[in-house]
Amino acid sequence: MATTRNDEGTAPELSLPTSASFYQETGSRLSQRAARFRQWRNRKIASPGFRNWVMRIPGLRAIANRKAAALFRLTAGFVFSQVLSACVRLGVFEQLEKGARSAEQLAATCGLSPEKMQLLLEQAERLELVTQVGPDSWMLDDAGAVVAADRGITQMILHHEMLYRDLDAPETLLKDPESDTHLKSFWAYARGRHTLQLDQDTAQKYSTLMQSSQSMLADCILDAHDFGTYGSILDVGGGNGGFLTACAERHPNLRLHLFDLPAVAALARQNLAAMGLGSKVEVHGGDFISTPVPDNADCACLVRILCDHDDDRVRDILKNLHASLKPGTKLMVAEAMSGPSEGARLAAVYFSFYFLAMGSGRCRSDEEIKSLLAEAGFRRPHTVKTYNPLLATLVFAER
Ligand SMILES: C[S@@+](CC[C@H](N)C(=O)[O-])C[C@H]1O[C@@H](n2cnc3c(N)ncnc32)[C@H](O)[C@@H]1O
C-alpha cells in the first residue's frame, strides 16, 4: 500500500493495490501462518504436561477451567436436557408455579418416590431451574419460571423427544440424509410432499405446535417493526393464525389476510372464528409455489417459512410471490438467522441439525436471504434486528 499526491498536489491519498492476486497471495500467506500457529497451539493444548503446567498458573488456570467446563457442558448436554425434560413431563414446574412445595408433596403429585424426587430437584437446582428456599421447600428459579409460564417452550421440550430419536445416530443421518425420520413425517409438507392433499390430522399436529410457540416470536417481531403503518398485511404460510392474532391485538385497525395449504387454512378459519377474529381475517387456501397469493396487502410476511426449504424451493416461493404481489408491496422474512451473536450462533447449530432431521431447509444468514430476495427481483433488501436473535432476525424488501 502506498501514499500518493492527488491532482491538486494537496492531501495525500491512499493508493491501494488493485490486483486480485495481491490479495489472494497475502490472504493465503496469512492463512498459512494462522494454520501453523493453530497447529502449534493445538499440539500444546493436547499435551497433558502443558495442561498441568497451565493449571499451576492462577490467571491461566481460570481460562483453562472455563474451557474445561464448556467442553463438559457439550459432552453432558443430553443429560442436562433430560433433567429439564423430566421436570416438564412429570409436571414439576406446573406444581411449583402454584407456589413453594416440599420434595414429599411434589413426589406424591408427580408419582415418584421422595428419594428420586429429591435427586431430580437437586439436579434441577444445579441447572438453575428450581431453587431451594427452605430446609424442604422448593420454588421455581428464573429459567423454570419461564418454562412454566410459556406453553410454547413446554411444547417444544416435549416435541424434542421426536428430534432426539432422529438424532440418535447423527453420523448415519449425515451419511444418509434421505433416510426416514420422525420429523419428516411430522412436517409432511417439507420438500413439497403431500402439500395440497395434506390431511387435517397431520396439519393439526404441526399447526398446534407452531401456534403454541408463536406468542414470544410475534412480540419480538412486532416490537422490531411498526406494522401500524400498513392498511393490511398478508401472512403467507400463516398456520393457525397465531401471528395475525398478535398483529390484531397490537394494531386493531389492520386488515388481515392469511394464506396456507387448504388443510391448514380450514383450521385457521375455525381457530380465528373461535378467537372472535373470523370477520377480520380473510383466509385463502393454496400452494405458495403454484397458487397466486392475494395481491391486495401492503406487506406480505413469511414467518418461519424460508428456513423450512432448500434453496431451489425458496427460489420458487419467492418467484411466485414476486409474480403475485403488486409493485410497492413490502415483504418481510422473519426467522432465526445465523450470525455472530451468541443467540444467532446457538440457533444456527440447533436449526442446522433440526433441518437435517426434517430433510429440508437450512438456517441462513440475513445476507443469504437478502441475496435470494434480490435474485427473485425484490428491491432494497435490508436487515432489521430484533431484541432476540435466538428467535428471529427480520429482512425486509420491496416488490
Ligand atoms: C413452520 S410453519 C410456520 C407457520 C407460521 N408462519 C408460524 O410461524 O407459526 C410453516 C407453514 O407453512 C405452510 N406451508 C408449507 N408448505 C406450504 C405450501 N406449499 N403452500 C402454502 N403453505 C405452506 C405450512 O402449512 C405451515 O403452516
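**Close-up views of the predicted model**

**View A. Ala148 and its contacts.** Leaving aside its neighbours within four places in sequence, Ala148 is in contact (C-beta atoms, placed from the backbone, within 7 Å) with Phe93, Glu94, Leu96, Glu97 and Leu140. The structure is a predicted model, in which local features need pLDDT of at least 70 and side-chain atom pairs count only at pLDDT 80 or more, while totals for chains, interfaces and linings use all residues. Residues are numbered from 1 along each chain as its sequence is written. Ala148 belongs to helix α8, residues 142-149 (helices are DSSP runs of H or I with at least four residues, strands are runs of E with at least two, and both are numbered from the N terminus). Ala148 counts as buried because it has 21 C-beta neighbours inside 10 Å (buried: 20 or more other C-beta atoms within 10 Å of its own; exposed: 12 or fewer; partly exposed: in between). The C-alpha atoms of Ala148 and Gly91 lie 9.3 Å apart in space, although 57 residues separate the two in sequence.

View B. Once neighbours within four places in sequence are set aside, Ala300 is in contact with Leu234, Val236, Leu321, Leu325, Thr329 and Leu331.

**View C. The shell around the ligand.** The ligand is surrounded by 20 residues (C-beta atom, placed from the backbone, within 6 Å of the ligand). Met210, Gly237, Gly239, Phe288 and Arg304 are the closest of these. Two or more residues of the shell come from each of the helices α12 (200-212) and α14 (242-250).

**View D. The two domains and the whole protein.** Domain 1 covers residues 77-149 and domain 2 covers residues 180-398, with bounds from an automatic or database domain assignment. The centres of domain 1 and domain 2, taken over C-alpha atoms, are separated by 35 Å. The protein contains 18 helices and 11 strands, and its C-alpha trace spans about 85 × 70 × 45 Å along its principal axes. Of its 399 residues, 31% count as buried. Among contacts between residues at least 6 apart in sequence, 65% join residues at least 24 apart.

Terms used. Two residues are in contact if their C-beta atoms, placed from the backbone, lie within 7 Å.
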